[in-house]
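Here are my notes on this model, as numbered points. Please read them with the structure open.

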Amino acid sequence: MPGTMSTTRRTFLVGAALTSVLPLGSAHATPEAMAAAIKEVVGDKAIREGRVTLDIPPLVENGNAVPLTVSVESPMTEADFIKAIHVFNEKNPQPHVFDARLGPHNGRAMISTRIKLGDSQKLIAIAETSKGEFFSASADVIVTLAACLEDLT
């Protein structure tokens, strides 16, 4: 049907034009988005403070490569080990920074990496145990030169 095809093509072109002209929302997560991302991981289970150490500089000159180490007190045995370490932030484009999957064969529950930070913000590290418990630590970081600037407009 020729009429249907041209209407579909016309609708597509109008939609594409509007998408390129209309401003998009901010490319930053929010504290609410971080809370929602945490809830996706832990569900309704309680998160207790302790056992987790989040080592990140409190003042960062450049947010492009911020060193981050998360370590968790655990015997790392077959019966009791850290199953995962989850890291969240409140202002980067994505609130769920990463997951690190671990097992008793790791020997130590520790992960070190570098992350980008788009602004001064709070980070939260959550450790998930093999018994289904969650432990956390948080840190506030001041960033003087931001990274993760994705201008979508």
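**Notes on the model**

1. Start at Thr-129, which lies in strand β8 (residues 121-129). Helices (H or I, at least four residues) and strands (E, at least two) are DSSP runs, numbered from the N terminus. Thr-129 is buried, at 1% relative accessibility. Buried means under 20% relative accessible area, exposed over 50%, and partly exposed in between (1.4 Å probe, protein chains only). Which residues does Thr-129 touch, not counting those up to four places away in sequence? They are Arg-51, Phe-81, Ile-82, Lys-83 and Phe-135. Contact here means heavy atoms within 4.5 Å.

2. A word on the basis. This is a predicted model, in which local features need pLDDT of at least 70 and side-chain atom pairs count only at pLDDT 80 or more, while totals for chains, interfaces and linings use all residues. Residues are numbered from 1 along each chain as its sequence is written, and side-chain values use heavy atoms, with hydrogens and water left out.

3. Now the confidence. pLDDT is the predictor's confidence in each residue, from 0 to 100. The protein chain averages 85, and 78% of the residues score at least 70. Among the elements of the chain, β2 has the highest mean pLDDT (98) and helix α1 (residues 2-21) the lowest (49). Over residues 16-26 the pLDDT is below 50. Beyond near neighbours in sequence, that stretch has three contacts in the model. Where pLDDT is low, the predicted coordinates should not be read in detail.

4. Next, the sheet. It is open, has three strands in the order β2-β4-β7, and pairs antiparallel. The edge strands are β2 and β7, each pairing on one side only. From one strand to the next, the twist averages 10 degrees. Axes are lines fitted to C-alpha atoms, for helices over the stretch in contact, and angles run from 0 to 180 degrees between N-to-C directions. Two strands count as paired if DSSP finds at least two bridges between them.

5. How many bridges join β2 (residues 52-55) to β4? Four, and the two strands run antiparallel. Leu-54 has Val-70 as its bridge partner in β4. Val-52 stands opposite Val-72. On the other pairing, seven bridges join β4 to β7 (residues 109-115), again antiparallel. There Ser-71 stands opposite Met-110.

6. Strand β4 (residues 66-72) has two faces. Val-66, Leu-68, Val-70 and Val-72 make up the covered one. Pro-67, Thr-69 and Ser-71 make up the uncovered one.

7. Buried or exposed? Val-72 is buried, with a relative accessible area of 8%. Leaving aside neighbours within four places in sequence, Val-72 is in contact with Arg-51, Val-52, Ile-82, Ile-85, Ala-109 and Ala-127. Val-72 and Glu-128 are 56 residues apart along the chain, and their C-alpha atoms are separated by 9.8 Å.

8. Two backbone angles deserve a check. Arg-51 is not a glycine, yet its phi is positive, about 65 degrees. Arg-51 is found in the loop between β1 (47-49) and β2. It is partly exposed, with a relative accessible area of 23%. Met-76, also a residue other than glycine, has a positive phi near 50 degrees. Met-76 is in the loop between β4 and β5 (82-89). Met-76 is buried, with a relative accessible area of 6%.
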